[in-house]
Structures are given as C-alpha cells and as structure tokens.
Amino acid sequence: MKITAKEDMKKMEEEIKNCKKCELWKTRNKPLVGDGSVDADILVIGESPGYYEDLKNKAFVGEAGKILDQLLNLINLKRDEIYITNILKCHPPRNHNPSRHEIDSCSNYLYRQINIIKPKIIITLGKYASKELFIRFNLGFSKISELHGKVFETETDFGKVKIIPLYHPAVACYNNVMVDVLKDDFWKLRNIIKKCD
Ligand code: URA
Ligand code: SF4
C-alpha cells in the first residue's frame with residue numbers, strides 16, 4: 001500500500017525527535033518539524049525556531065510570527081493552506097545564526113519535506129533559507145536585497161517549482177519601511193498564486 005504524505009511526515013517526525021546530528025538537540029525543548037497542511041501548494045521556509053516556537057512547538061508564534069500573520073492576512077492566505085518549516089528544526093541558543101555544520105546536518109530533513117509536500121511555490125524567508133535553496137537548486141545567490149520578491153523557476157523530481165525569496169519578517173519588527181517592502185512582495189506573491197491556480 002502506498003504511504004501517504006501525512007504518514008511519511010509522521011515517520012520523519014519520529015526520526016527528528018531522536019536526531020543528534022548536531023549539538024542543538026542538547027539545548028532545545030522539542031524539535032519543530034513544521035506546521036500546516038502536507039497537501040499545500042505553498043511551502044514557507046524560515047530560519048530556525050525561536051524561543052517561543054521552541055516553547056510552544058509551533059512555527060512563527062513570536063514577534064516575527066505576528067508580522068507573518070499580518071502579511072498572510074493581507075493576501076487572505078490561511079495557515080492551513082500552506083506548510084511552514086525552517087532550515088533548522090531545533091532552536092539555537094540565543095537565536096544564533098545557523099552555522100554551516102548545523103545547516104548541513106539538518107537540511108536533509110527539509111529536502112525530504114519538499115519531496116513529501118511537492119509544493120508549486122516555495123517561499124524562503126531571509127538570507128539563510130534563501131541562500132540554502134539557491135545553492136541546492138543551482139540558482140546563483142547574490143543578496144537578499146537584490147533577490148527579494150523575484151520569481152525563480154527550478155526543475156525538481158516532481159516538476160517545476162517557483163522559488164520566491166523574501167525578507168525575513170523579523171526585519172520588520174521595529175522597522176515600518178521593511179513592513180512596506182514585505183507588503184509589496186506579498187502582493188506580488190498573491191498575483192503569482194492566482195496564476196498558479
Ligand atoms: N523565525 C523563524 O525563522 N522561524 C520560526 O519558526 C520563527 C521565527
Ligand atoms: Fe538534528 Fe536538525 Fe536538531 Fe541538529 S537541528 S539535532 S540536525 S534535528
């Protein structure tokens with residue numbers, strides 16, 4: 001019998017719970033595998049779970065999460081219409097930037113998630129998620145300030161996927177100019193989603 005996407009994700013969740021491939025398992029509360037629908041057409045990839053995400057075991061529930069929710073509301077996208085995960089599944093102490101070793105240890109889970117979900121659109125939030133995906137799919141990464149809001153198409157084992165890098169919502173927490181930049185990019189995203197329907 002064919003294994004469903006939900007069962008596949010559940011199996012991986014068990015593996016991640018026992019994962020010790022980098023040091024972050026020692027200090028995290030629980031790993032955050034991801035949230036939302038495994039049948040979604042849109043996959044959102046952040047950096048790593050923060051303090052509140054680690055505490056509540058849910059993606060984007062802190063200050064950056066409030067901004068993300070505003071942006072999703074703006075284009076009428078519900079959390080259960082997308083799937084949200086991060087490059088790292090465990091919260092790094094003091095939210096340190098993901099190290100090369102941590103990314104290399106953890107990214108296999110992300111690529112398995114991409115193959116399970118088979119999204120049509122991947123949104124990468126911030127420099128780390130964007131750079132990782134650009135390297136993986138052989139798209140030349142430059143700077144998030146140059147690439148944000150643009151659409152990059154790539155071929156995968158399950159077909160064509162649009163990758164759209166955006167600024168991380170955390171940059172907008174205390175900066176209204178960045179809120180406006182993110183809003184503009186989300187409007188563009190809305191039009192791309194409409195065309196994909
Ligand atoms: N920032 C992230 O990158 N991911 C989360 O889940 C929360 C905050
Ligand atoms: Fe494993 Fe990823 Fe957690 Fe490191 S961050 S322990 S690789 S699940």
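The model is a predicted one.

**Ligand 1**

Ligand 1 sits in the largest pocket. The residues around ligand 1 are Gly-46, Glu-47, Ser-48, Glu-53, Ala-59, Phe-60, Asn-86 and His-168. Sorted by class, this shell holds 4 polar, 2 nonpolar and 2 charged residues. Glu-47 and Glu-53 are charged. Ala-59 and Phe-60 are nonpolar.

| Residue | Protein atom | Ligand 1 atom | Distance |
|---|---|---|---|
| Glu-47 | polar backbone atom | oxygen | 2.7 Å |
| Asn-86 | polar side-chain atom | nitrogen | 2.7 Å |
| His-168 | side-chain N or O atom | oxygen | 2.8 Å |

Glu-47 uses its backbone here. How much of ligand 1 does the protein bury? Taken alone, ligand 1 exposes 230 Å², and the protein buries 92% of that.

**Cysteines**

A disulfide is a covalent bond between the sulfur atoms of two cysteines. How many disulfides does a search of the whole structure find? The search finds 0.

Is Cys-106 buried or exposed? Its relative accessibility is 9%, under the 20% cut-off, so Cys-106 counts as buried. Cys-173 has a relative accessible area of 24%. That value falls between 20% and 50%, so Cys-173 is partly exposed.

Key. Residues numbered from 1 in each chain as written. Chains lettered and ligands numbered in written order. Predicted model: local features only at pLDDT ≥ 70, side-chain atom pairs only at ≥ 80, totals over all residues. Heavy atoms only, no water. Near = heavy atom within 4 Å. Polar contact = N/O pair within 3.5 Å; in protein donor to acceptor, adjacent residues only side chain to side chain. Areas by Shrake-Rupley, 256 points an atom, 1.4 Å probe, with all protein chains shown as cover. 1 Å grid on protein atoms, 1.4 Å probe; cavity = no way out; pocket = protein on both sides within 12 Å on 5 of 7 lines; lining within 4 Å. Sits in = over half its atoms within 2 Å of the grid points. Disulfide = S-S within 2.5 Å. Buried < 20%, exposed > 50% of the residue type's maximum accessible area, 1.4 Å probe, protein only.
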